Amino acid sequence: MVAEKIFQIFTMKIQSLKLKINREKHKWKNIEQDSKSWNFIFLEITALKFSFMEIPSQNEHMDVSHLFEPTKLGMEFDSEEHAYEYYNKYAATIGFSVRKEYANKSKVHGYVTSRKFICYKEGYRERDKREAMVKKPRKETRTGCLAHMVVSHKSNGKFSVISFEEKHNHPLVPPSLAHMLPSQRNIKLSQAYEIDLLDDSGICPKSSFDYASRLAGGKASLGYTKRDHINYLRDKRKESLKQGVARSLVDYFEKRVIKDPSFRFSLQLDDDGLITNVFWADAKMIRDFQIYGDVVSFDTTYRTNKEYRPLALFVGLNNHGEMVVFGAALLYEETAEAFEWLFTVFFRAMSANKPQTFITDQDPVICLAVSLVMPQTYHRLCIWQLEQNAFKHLNHIFRAHKSFPSDFSKLLYYYEYEDDFLNAWEEMLEKYDLKDNSWSKNTFAIREKWSMTYGRNIFSAGMRSTQLSESFNGSLRGYLKSDLDIVQFFKHFQRVVDDKRANENKSNFDMTQRIFVLKVKLPLLIHVREIYTATIFDLFEKEWEKSLLVSINGFHDEGELCKYNVSTHGNRREHVVAVKCSTKVVSCSCKLFEFSGVLCGHALKILDTLNIKDKIPDHYILKRWTKDVTNLVAMEIKVFSEGGDSKS
């Protein structure tokens with residue numbers, strides 16, 4: 001019966017492994033890139049070997065007590081530990097837990113001469129005076145049970161049973177519950193490795209415990225409880241932080257540097273040697289900044305842990321219009337000096353020029369640090385946050401006047417000329433009685449940082465806010481909990497970065513394998529499709545479609561400069577497209593190309609009028625939006641597998 005049960009379990013696990021291996025066959029040629037899957041299979045094989053060797057305890061109708069009956073005095077064991085293991089397995093079949101009570105040692109040689117193993121219900125718990133003050137005192141577990149086994153060291157080097165008491169004075173646990181007994185709960189080395197792997201993968205303890213239970217054939221066969229699982233992770237985290245947060249951080253970063261020599265990090269310390277801020281960036285982040293660092297968004301809205309520390313992200317857009325991370329920081333101090341330090345170490349790590357545009361929220365200390373570290377950079381304020389601030393400070397106006405949101409929105413996005421903006425601002429102050437409003441005065445003083453009237457002429461990759469990092473923050477929320485230690489945070493942060501890079505790899509792959517289907521097969525569109533990535537081509541094609549609806553309302557020849565007044569069908573608003581006659585360089589008053597790097601429909605209409613129909617002139621093609629910006633054909637393509645360290 002026992003052998004049949006073991007064989008059934010063994011057969012089921014073998015079939016499960018076959019299915020897993022079949023699913024992984026297509027990855028055998030590149031095992032290193034999917035080491036995680038093979039680690040799982042290795043763990044299952046290891047667990048299977050042990051489970052085959054051990055007696056299953058989940059079947060309460062299986063009587064295996066006759067396999068362990070140390071009733072004979074003089075029974076020998078190779079070592080004290082072997083004696084304990086034997087007695088503990090016997091205890092599992094009977095239904096009790098074992099404790100090691102005492103060990104006598106040789107005064108001359110120091111080795112154990114005798115050892116007593118007892119039932120864990122031996123003796124009685126000492127009364128605690130504080131229990132009288134507790135509403136629900138701890139439950140009693142000890143009953144004075146006398147069951148035991150004593151072994152003694154013999155001259156032949158073995159341990160022999162010299163005393164054995166079989167009887168217990170308490171109910172015994174049925175085999176189906178024996179796995180809950182303290183001495184039967186033990187996390188093996190292979191199981192510990194599996195727990196670590198699942199934890200590093202961001203899988204919560206409950207899910208990883210359930211996975212391990214199913215792998216073992218049920219919780220009764222696992223050998224430890226969910227509480228043991230949680231305690232193991234807790235103790236491991238305590239051990240990792242024994243030397244303090246600073247030492248743990250340095251250890252983690254030094255390990256990253258070994259794997260990635262280009263990895264950069266900086267710690268800012270206060271006068272007492274305590275960490276105030278932490279910055280880090282890996283090789284891929286640094287490389288991405290060299291390519292896409294012309295526009296940087298800096299966001300500090302995400303709060304990471306129970307100390308409510310802000311996570312600061314330096315992010316941008318790649319050639320697929322997807323978010324890339326340039327660097328990150330954990331902030332323990334948010335002062336102008338701290339941000340000045342952070343921006344300085346960021347650009348030092350990047351070894352590059354300052355960006356054209358730097359986008360932040362409207363934080364005075366951040367604004368001061370930006371002006372000190374990068375005075376030549378255009379500092380754009382997040383328009384989304386400005387709208388939220390307007391609603392907060394002018395809430396009474398929003399509620400009293402339905403027209404105010406539209407009028408305020410025009411000041412943000414609509415006006416192309418400064419005179420028009422200034423006139424509209426004065427009209428708004430007059431219309432809504434805001435001339436003496438302090439928030440309006442302060443906001444107007446920094447209008448160059450938020451109004452598109454001033455900002456549309458400066459390249460910003462089409463970005464108007466710091467909301468780009470919100471998707472990253474959302475992904476982090478799925479991985480992190482408030483009680484994570486600092487090293488765990490970094491591991492899970494890297495997982496989110498790797499997820500984003502996996503998306504980039506997919507876009508790069510699609511770019512080489514899939515061709516964007518043209519709505520109209522024109523030479524101009526065919527040319528642009530060959531140059532731009534799919535995302536940017538889609539933006540261009542939409543502008544080309546708009547150009548079909550653009551009408552020329554007037555023409556002014558001013559010598560070297562010709563001006564066209566244009567408007568879009570169904571829209572009375574006019575734009576002015578200026579053309580340098582000698583070079584045929586066009587510039588539209590909407591400034592879409594200057595702001596986003598993609599020609600607007602108004603400019604495309606005039607280029608078509610100038611008989612430029614086969615290809616876009618090179619000066620209208622920004623390298624950062626093209627397929628070959630990263631030289632994918634010339635350079636070795638590094639695939640950042642999920643969960644792996646980033647290397648470049």
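## A contact at Arg115

A polar contact of 2.7 Å joins the side chains of Arg115 and Glu80. The term polar contact stands here for a pair of N or O atoms within 3.5 Å; within protein, one of the two must be able to donate a hydrogen and the other to accept it, and residues adjacent in sequence count only if both atoms are side-chain atoms. Before going further, please keep in mind that this is a predicted model, in which local features need pLDDT of at least 70 and side-chain atom pairs count only at pLDDT 80 or more, while totals for chains, interfaces and linings use all residues. Residues are numbered from 1 along each chain as its sequence is written, and side-chain values use heavy atoms, with hydrogens and water left out.

Arg115 belongs to strand β3. Its relative accessibility is 15%, so Arg115 counts as buried (buried means under 20% relative accessible area, exposed over 50%, and partly exposed in between, with a 1.4 Å probe and protein chains only). Leaving aside residues up to four places away in sequence, Arg115 touches Glu80, Lys100, Tyr102, Ala103, Met149, Val150 and Val151, where contact means heavy atoms within 4.5 Å.

## The whole chain

The protein has 23 helices and 16 strands. Both are DSSP runs numbered from the N terminus: H or I with at least four residues for helices, E with at least two for strands. Of its 648 residues, 46% count as buried. Among contacts between residues at least 6 apart in sequence, 60% join residues at least 24 apart.

Strand β2 (residues 98-105) and β3 pair in the antiparallel sense over 7 bridges; two strands pair if DSSP finds at least two bridges between them. Asn104 stands opposite Ser114 in β3. A hairpin is formed by β2 and β3, with 6 residues between them, and Gly110 in its turn has a positive phi of about 85°. In β3, 7 of the 8 residues are buried, so this strand is largely enclosed by the rest of the structure.

Strand β3 (residues 112-119) also pairs with β4, in the antiparallel sense and over 5 bridges. Here the bridge partner of Arg115 is Val151 in β4, and Phe117 stands opposite Met149. Both Val151 and Met149 are also among the residues that Arg115 touches.

How many of the residues of strand β4 are buried? For β4 (residues 148-153) the count is 5 of the 6, so β4 too is largely enclosed by the rest of the structure. Strand β5 (residues 159-165) pairs with β4 in the antiparallel sense over 6 bridges, and Val151 stands opposite Val161 in β5. β4 and β5 form a hairpin with 5 residues between them, and Gly157 in the turn has a positive phi of about 90°.

Helix α20 (residues 523-531) and helix α21 (residues 534-547) pack at an angle of about 160°, with their axes 10 Å apart. Axes are lines fitted to C-alpha atoms, for helices over the stretch in contact, and angles run from 0 to 180 degrees between N-to-C directions. The two helices are therefore roughly antiparallel to each other (over 145 degrees; under 35 counts as roughly parallel, 65 to 115 as roughly perpendicular and the rest as oblique). The contact is made by Leu524, Leu525, Val528 and Arg529 of α20 and by Phe537, Phe540 and Trp544 of α21.

An open sheet of 4 strands has the order β13-β14-β15-β16, with antiparallel pairing. At its edges stand β13 (550-558) and β16 (585-588), each with a single partner strand, so one side of each is left without a neighbour in the sheet. Neighbouring strands of this sheet are turned by 25° against each other on average, direction ignored. β13 pairs with strand β14 (residues 561-568) in the antiparallel sense over 8 bridges, and the bridge partner of Ile552 in β14 is Val566.

## Positive phi without glycine

Most residues other than glycine have a negative phi. Asp433, although not a glycine, has a positive phi of about 55°. Asp433 lies in the loop between α15 (418-431) and α16 (438-445), and at 69% relative accessibility it counts as exposed.

Ala461 likewise has a positive phi of about 55° although it is not a glycine. Ala461 is found in the loop between α17 (452-455) and α18 (470-479). Is Ala461 buried or exposed? At 8% relative accessibility, Ala461 counts as buried.
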